[in-house]
Amino acid sequence: MLVYEEKKNINHFLGDIMTDSKKLKIYQLKDLENIPQLKVLSQEELFNIKVVANVLPFRVNNYVIEELIDWSNIPDDPIFHLTFMQKDMLSSKQFNKMADAINKGLGKQELKEVANEIRHELNPHPAGQLTANIPFMDDEPVQGIQHKYRETVLVFPTGGQTCHAYCTFCFRWAQFVGNNDMQFATDESKKFQEYLMNNKQITDVLFTGGDPMVMSYLKLKAYLEPLLEPEFDHIKNIRIGTKSLSYWPYRYVTDKDADDLLELFDKIMSKGKHLAIMAHFSHYKELETEVVKRAIRRLRNVGVKIRTQSPVIKHVNDTSQVWEKMWQQQVNLGLIPYYMFIERNTGAKNYFEVPIAKVFEIYREAFKSVSGLSRTARGPVMSAMPGKIVIEGIAEINNEKVFVLNFLQARNPDWVKRPFFASYDSKATWFNELVPAFGEEEFFFEEELSDILSEKRERFIENFL
Ligand SMILES: *Cc1c(COP(=O)(O)O)cnc(C)c1O
Ligand code: SF4
């Protein structure tokens, strides 16, 4: 499996280390009993996982279980919290409702109905994704893409609407539970390509999901290669949002189409495009296995830029030490820290949420402890309805304690980098809980935002429903 490196004549950099291959083995709800490591749990703990996994999507794999989770540190292990459900992820009312349904021995369909009732209480589509971000062409919504910021379109390939394992806090969870009314993905017509072709202001295409890297080389190629044609010359940057380096690094090392994939990446860059992997890393433990280091080296050897991002998640990475160490290790491995997010208001939000003020402290403490090479990480960021809002700081102005906020991205690009202020609130966890400082009625962008949104909503209702 060294074919590609040999061709590039870089084999000597990698020494003689060979990576044993691993075949992906996925465990879902029905396979819980077959995970030998779970024997360390009590029957009750196992049942709790089962109850929550009937509502929120559950999936782990043999790499996560065998190489990432430290089973001598259960339940505290961060990767265990990242992938295995905990009872408190549902309210006690929701939990009991599902537990009762299971104990009554209800059938699959009935369990699903109970699950759906609970799911609808969990804000499946935060930030109005359905109505506010779907673009139109000839009065028809374009399937499977979102266009929120002028330069960048998100593409949700049909084959990438799953991941190698699921994060328990996932803000895209509604995509995975199989309710068609909650899903979106590209359709067969590939009409989104026409949209990209016709909109020359778009410079960036970001493939996302789920995880596009669950797709085979051939499927990926069908999405990536067309972008090398002259009619897409305006698309300069291709990004792939993925957690595969954390959950299945074998994708780039020993999977049977790993070399083909690297060659495709090489080709994309040789045609003058910037290719970036937007890698989701939640914890430095995900950077420490031999195989992830090797995957990173292989990607970097062909010139792929790897930028990193993650939300701050209680029980997983809510200390500055974790971030400090994670950024340092990332820089050491040649990765570029990019975003620190505040967790969105969806799914098991109550279980994972960390107040904005605390996330800011985590960011500041970590940021001030690292060298400039790690200070490329921007944050903490809320990807909210009006745009990506960063907490610049906490200040006292005219005796009022305030959050200093700024847009990194906005529905109207003109809102970017115009500092604005919200009253300090030590408990607030999301933008909608903040109020303007200095007794002002509203934030400077609100009127314009509501115009933009009502226009979109009308068009959506007219054409889609
Ligand atoms: C974050 C994000 C992007 C990319 O923004 P960059 O600042 O260019 O990384 C694009 N679209 C949406 C909807 C986003 O949330
Ligand atoms: S990898 Fe991303 S999309 Fe997949 S479960 Fe985790 S947060 Fe969700």
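## Domains

Which domains does the domain assignment give for the protein chain? It gives domain 1 (23-119) and domain 2 (126-464), with bounds from an automatic or database domain assignment. The centres of the two domains, taken over C-alpha atoms, are 27 Å apart.

This is a predicted model: local features need pLDDT of at least 70, side-chain atom pairs count only at pLDDT 80 or more, and totals for chains, interfaces and linings use all residues. Residues are numbered from 1 along each chain as its sequence is written, chains are lettered from A and ligands numbered from 1 in the order in which they are written, and side-chain values use heavy atoms, leaving out hydrogens and water.

Domain 1 puts 30 residues into the contact and domain 2 puts in 31 (heavy atoms within 4.5 Å). About 2600 Å² is buried between them; this is the accessible area (1.4 Å probe) that two parts lose on being put together, summed over both. Carbon and sulfur atoms give 65% of that area. In domain 1, the most area is lost by Arg 59, Tyr 63 and Leu 82, together 27% of what that side buries.

One salt bridge is counted between the domains (a side-chain nitrogen of Lys or Arg within 4 Å of a carboxyl oxygen of Asp or Glu).

## Around ligand 2

Ligand 2 is surrounded by Cys 163, Tyr 166, Cys 167, Cys 170, Phe 176, Gly 210, Lys 243 and His 280 (a heavy atom within 4 Å). By class, this shell has five nonpolar, two polar and one charged residue. Ala, Val, Leu, Ile, Met, Phe, Trp, Tyr, Cys and Pro count as nonpolar, Asp, Glu, Lys and Arg as charged, and the others, Gly among them, as polar.
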